[in-house]
Amino acid sequence: MTSRAERLGTYGVLSLFAVIAVFPLLAVAAQAFGLPHLSFGAFTEAWRRGHFARYLTNSLIVVTVVVIVASVLSILAGYALGTMEFRGATTLFYVFLAGLMVPTEAIVIPLYFDLRSVGLDNTLPGLMLPQIAQSVSFGVFWMRAYFRSAPRSLIEASRIDGASSWTTLRRVLVPVGRPAILTMVVLIAMWTWNEFLLALVIINSSEDLRTAPLGLSIFQGQHQTEYQLLMAGALIVATPVVLVYVFLQRHFIAGMLSGAIKE
Amino acid sequence: MSPPGEPRRIGYLYVLPAFVVYALFLLWPLLHGAYLSLFHWDGLTVGTWAGLGNYAEAIGDPQLRGSFWHAAVLLIFYAVLPCCIAFVLVSIMSRSRPRGMTFFRTVLFLPQVVAMVAVAVAWQWIYSDHGPINGSLRFAGLGGLTRGWLGDFTWALPSVGLIGTWVEIGLAMVLFLAGVQKIPRELYEAARVDGAGAVREFFAVTLPGLRRELAIALTLTTVAALRNFDLIYLTTSGGPGDATKVPAYEVYNRTFNTGEVGLACAIGITIAIIVFAITAVINRVVEGRP
């Protein structure tokens with residue numbers, strides 16, 4: 001049995017840390033809206049001077065392509081590694097898994113020179129491809145875990161019906177695996193949207209191709225102490241992910257905490 | 001454990017597309033980086049063989065050694081502090097099963113999903129001359145203590161570190177809260193019947209019950225502490241002076257500002273090795289149950 005005092009203490013601690021977690025974010029919103037005199041002037045000003053329409057569009061394009069391509073590749077590879085037996089399957093899985101631990105800092109410099117030598121620097125595909133590779137590393141790990149946990153009877157029943165491996169995947173496993181796939185999609189979308197280092201290094205001269213976070217950092221450099229403008233910009237960049245998070249928080253938390261769990 | 005299912009060669013075909021992209025844009029740059037780290041190269045002219053010279057410099061050069069030292073300090077702020085605080089708090093709360101957990105979990109985890117650029121903008125204001133920290137100090141009559149926190153040689157590193165604590169503490173709390181709910185209540189009741197006090201209960205029930213969560217939290221926060229280029233670049237750019245230079249920042253700095261590409265790659269590979277090693281050690285320690 002827990003005493004009343006214990007329960008109150010628990011809520012006290014949780015509330016205190018909840019306040020600490022949201023305070024900086026609420027402060028950003030409050031200043032961006034110019035509270036207590038509600039105004040949208042800072043937004044329109046930041047929107048125009050920071051070229052955010054352009055940069056948000058770029059981010060949206062990058063996220064869409066990375067999510068679609070990485071998800072499809074991850075589902076295909078995770079399916080094979082989770083349900084089929086072939087030589088080197090385990091090794092291949094560990095090779096993908098190792099990618100989860102490779103920091104962007106370790107690959108970004110060689111990537112810069114590699115992409116430049118094939119003319120992919122300052123292009124959106126040049127920014128997408130490395131992010132697809134990083135996402136695939138998580139996606140394969142995640143989808144393989146799903147396919148391994150999917151009931152064997154489902155796969156066997158489909159096979160007895162004479163379905164090919166492809167039909168089993170498309171007609172049976174993908175529809176059943178929607179929750180797992182959704183988790184993967186929101187995580188890849190968030191990581192891609194928030195990515196900064198790759199964008200900074202790869203999109204180093206084409207202003208028109210900047211992503212939203214990169215655009216905000218440049219904007220920050222130009223308006224050092226105009227906090228209201230900066231806060232409006234920060235809100236513009238952060239809000240899309242936060243909105244999705246509010247509705248799908250379970251998927252975000254489950255997925256992000258899984259990365260460190262080995263079998 | 002081998003994957004279930006019958007032998008199927010078609011598996012290779014399914015894996016191939018993912019593997020090609022992964023190999024070209026992650027494995028290859030990693031290997032290329034390891035190769036470049038063995039040369040003195042400015043990125044323009046022909047490089048000269050350096051062997052492990054760049055690694056020796058990464059450890060030996062006082063400025064770079066300093067950056068690793070800064071990373072160690074940040075490790076305390078990113079990993080040790082959040083995990084310890086969250087662990088103690090959650091242990092205290094372990095006996096109650098509060099309602100509204102979904103709400104608290106969502107809010108506590110929020111800093112994890114906000115773009116680091118936005119986090120940096122928010123905290124730059126918090127630490128600024130007229131921000132809430134200096135404001136509170138003045139209000140408390142401690143105006144003499146006010147300063148531009150991120151521009152102060154002594155305080156810049158801990159100030160950046162505290163941003164890391166803020167980002168990571170919610171992650172640790174969410175993990176431990178989930179873990180503590182899974183500890184059977186009977187264990188706590190049994191401990192009480194045996195007359196265990198809060199401290200004994202902590203070591204006998206809560207700590208063993210949360211081992212796995214502790215390992216996950218330490219791994220995630222440690223890796224975050226070493227991969228913190230974004231926050232450093234966006235808040236202090238390593239300054240003032242070298243006060244907040246960290247290896248993750250030096251990778252960028254040495255390539256684009258001082259033209260020491262080989263050295264930068266050696267630092268990048270070193271970060272990767274440290275991440276691998278720490279992950280392995282934490283997992284080993286946790287899985288070697290007593």
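View 1. Starting at the N terminus, the elements of chain A go α-α-α-α-α-α-α-α-α-α-α-α. That gives 12 helices and zero strands in chain A. Keep in mind that this is a predicted model. The C-alpha trace of chain A spans about 70 × 65 × 30 Å along its principal axes. Of the 263 residues in chain A, 51% are buried. Take the contacts in chain A with a separation of 6 or more: 80% of them join residues 24 or more positions apart.

**View 2. Where chain B touches chain A.** How many residues of chain B are in contact with chain A? There are 78 of them, and they meet 79 residues of chain A. On chain B, at least two residues each come from H1 (11-36), H4, H5 (116-127), H7 (156-182), H10 (211-226), H11 (229-235), H12 (247-256) and H13 (261-287). H1(B) gives the largest share of this side, with 16 residues. Sorted by class, the side of chain B that touches chain A has 57 nonpolar, 14 polar and seven charged residues.

**View 3. One pair of helices, one from each chain.** Here helix H1 (residues 4-32) of chain A packs with helix H4 (residues 101-109) of chain B, at an angle of about 35 degrees and with the axes 8 Å apart. The crossing of H1(A) past H4(B) is left-handed. On the H1(A) side, look for Leu14(A), Phe17(A), Ala18(A), Ala21(A) and Val22(A); on the H4(B) side, for Phe104(B), Val107(B) and Leu108(B). Which classes of residue make up this contact of H1(A) with H4(B)? Eight are nonpolar, with no polar and no charged residues.

**View 4. H1(B), a helix with a kink.** H1(B) has 26 residues and reaches 35 Å from its first C-alpha to its last, close to the 38 Å expected at 1.5 Å a residue. Follow H1(B) along and you come to a kink of about 45 degrees, centred on Ala23(B).

**View 5. What sits over H1(B).** The buried residues of H1(B) are Gly11(B), Tyr14(B), Val15(B), Ala18(B), Val21(B), Tyr22(B), Phe25(B), Leu26(B), Pro29(B), Gly33(B) and Leu36(B).

How values were computed
Residues numbered from 1 in each chain as written. Chains lettered and ligands numbered in written order. Predicted model: local features only at pLDDT ≥ 70, side-chain atom pairs only at ≥ 80, totals over all residues. Axes fitted to C-alpha atoms, helices over the stretch in contact; angles between N-to-C directions. Helix = DSSP H or I, 4+ residues; strand = E, 2+ residues; numbered from the N terminus. Left-handed = near helix turned anticlockwise from the far one by under 90°. Contact = placed C-beta atoms within 7 Å. Nonpolar A, V, L, I, M, F, W, Y, C, P; charged D, E, K, R; others polar. Expected span 1.5 Å × (residues − 1). Bend = angle between axes of the 7 residues up to and from the residue. Buried ≥ 20, exposed ≤ 12 C-beta atoms within 10 Å, placed from the backbone.
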